[in-house]
Amino acid sequence: MTTFDLLLVGYGHVAQRFVALLTEQRSRLAHDHGVRTRVVGIATRRRGQVYDGRGLSARALESYVVSAPSTGSWPPRQGVSRTVTPIVDFIRRATRLSAAAARQRRLIVIETTTLDIERGEPATSHVRAALAGGAHVVTANKGPAAFAYRALAEAADRANRRFLFEGAVMDGVPVFNLVRETLPAVAIIGLRGVVNSTTNYILTAMEQGQPFGEALAEMQAMGVAEADPSLDVEGWDAAAKTAALANVLLGADITPEMVERRGITPETGRAAIDARTMGRRVKLVARAGREGDRITARVAPEALADDDLLAMLEGQQNAIILQTDLLEEIAVVQRSGSLTQTAYALLSDLMTIARDVTRAPATRRAPTSAPRRRTPSRRDRR
């Protein structure tokens, strides 16, 4: 039985559901996989940080959600420390305090802060500090893979630690894992997909005559779209996901700003209605692929034929179609999304790390993602 110590950076709805999922699956993880977990630290910007190397109790975790750093409402216990410092400083301190677990490759930082579309910070710095401290990193934040994947992957390889991010695209539906774990010797040469739930819901609703603002408000009421929905409707969320996919699966080195981007507006709804009369459907499509020696990426509304898989997606459904050199096209479809699915992505990555640690020698250098492959040239593919 191996116990993994977890440092949670960010403790919003996703991280809280992840902790609950660990409790719900405790017996299965122990019996089927020989894995136990304990949360030894939490850090957020608003509520400060707390650390206990022996593991935070359920009561302490509940208290963290409802208390502020100055309330002093934590259950008294020797060895529990609460601080209000920059999160990067907390990560550095916590990894030093958890040095034994780090040396044994049992320390994992779970990073679930919100996306900063301008720089991918502070999440990228969180990942970098965690790897430098000897911890593996699992994140649901798109920023690190979208802004700094290559540098972070190289840092993880040097540290012999994992940097995983399945929850960054399509929640817990395996995309990065699919390529990394099940497609050896296959090169991804392009991809296209519908990767933003809010815009697909709005487009589906507008096809049926519902106003743009009303459909958007429904997504906000369900907690899918943010109070400021510009990241969704202006295409920034899809651009960040496209950059992450291109960087990891195509070996690109791009950022969301380098993705050609056009979002949706009320006028897009009128175009969607007109398209239906011609046997087509408008979708916000993300694309990435090679053009000669360079990789191009784009997010924009497209009128697709009715029999196109992407055109068949309704409501909040998403899908990615991977174009490969050996297996032609492989599609991954997400019929629904939920908080549990995003939390499961974190659990899935945790189990990938657990398999690596418990089944392989400590000196094994484990790749952080799909190995970088040579993409066939046009001449090769003739």
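The protein exposes about 17000 Å², and 49% of that area comes from carbon and sulfur atoms (accessible areas are from the Shrake-Rupley method with a 1.4 Å probe, and for residues only the protein chains shown count as cover). The model is a predicted one, in which local features need pLDDT of at least 70, side-chain atom pairs count only at pLDDT 80 or more, and totals for chains, interfaces and linings use all residues. Residues are numbered from 1 along each chain as its sequence is written, and side-chain values use heavy atoms, with hydrogens and water left out.

Of the 382 residues, 57% count as buried (buried is under 20% relative accessible area, exposed is over 50%, and partly exposed is in between, with a 1.4 Å probe and protein chains only). The protein has 14 helices and 13 strands; these are DSSP runs numbered from the N terminus, with helices being H or I of at least four residues and strands being E of at least two. Among the contacts with a separation of 6 or more, 71% are between residues 24 or more positions apart, where contact means heavy atoms within 4.5 Å.

One such picture of packing comes from helix 1 and helix 14. The axes of helix 1 (residues 13–24) and helix 14 (residues 339–359) come within 8 Å and cross at roughly 65 degrees. Axes here are lines fitted to C-alpha atoms, for helices over the stretch in contact, and angles run from 0 to 180 degrees between N-to-C directions. The crossing of helix 1 with helix 14 is right-handed, a label used when the near helix is turned clockwise from the far one by less than a right angle, with anticlockwise giving left-handed. On the helix 1 side, the contact uses His13, Val14, Arg17, Phe18, Leu21 and Leu22, and helix 14 brings in Leu339, Thr340, Thr342, Ala343, Tyr344, Leu346, Leu347 and Leu350. Sorted by type, the residues of this contact come out as 10 nonpolar, 3 polar and 1 charged (Ala, Val, Leu, Ile, Met, Phe, Trp, Tyr, Cys and Pro count as nonpolar, Asp, Glu, Lys and Arg as charged, and the others, Gly among them, as polar). As background, an α-helix has 3.6 residues a turn, so residues three or four places apart point the same way.

Next come two strand residues. Thr44 sits in strand 2 (residues 35–44) and is buried, with a relative accessible area of 12%. Its side chain meets that of Tyr64 in a polar contact of 2.7 Å; such a contact is a pair of N or O atoms within 3.5 Å, where, within protein, one must be able to donate a hydrogen and the other to accept it, and residues adjacent in sequence count only if both atoms are side-chain atoms. Setting aside residues up to four places away in sequence, Thr44 touches Gly10, Tyr11, Gln49, Tyr64 and Ile87. Val50 belongs to strand 3 (residues 48–51) and is buried too, at a relative accessible area of 1%. Val50 and Val40 are 10 residues apart in sequence, and their C-alpha atoms are 8.3 Å apart in space.

Helix 6 (residues 123–132) is mostly covered, with 7 of its 10 residues buried. The buried ones are Ala123, Thr124, His126, Val127, Ala129, Ala130 and Leu131. They pack against several elements, including strand 1 (2–9), helix 4 (87–97), strand 5 (107–111) and helix 7 (143–159). Just after helix 6, Gly134 takes a positive phi of about 90 degrees.

The loop between strand 5 and helix 6 holds Pro122, which is joined to Glu121 by a cis peptide bond with omega of about 5 degrees. Gly120 lies in the loop between strand 5 and helix 6 as well, and is buried at a relative accessible area of 2%. Leaving aside neighbours within four places in sequence, Gly120 is in contact with Gly143 and Phe147.

Two non-glycine residues have positive phi. Met170, in the loop between strand 7 and helix 8 (176–182), has phi near 60 degrees and counts as buried at 3% relative accessibility. Ala185, in the loop between helix 8 and strand 8 (188–194), has phi near 65 degrees but is exposed, with a relative accessible area of 64%.
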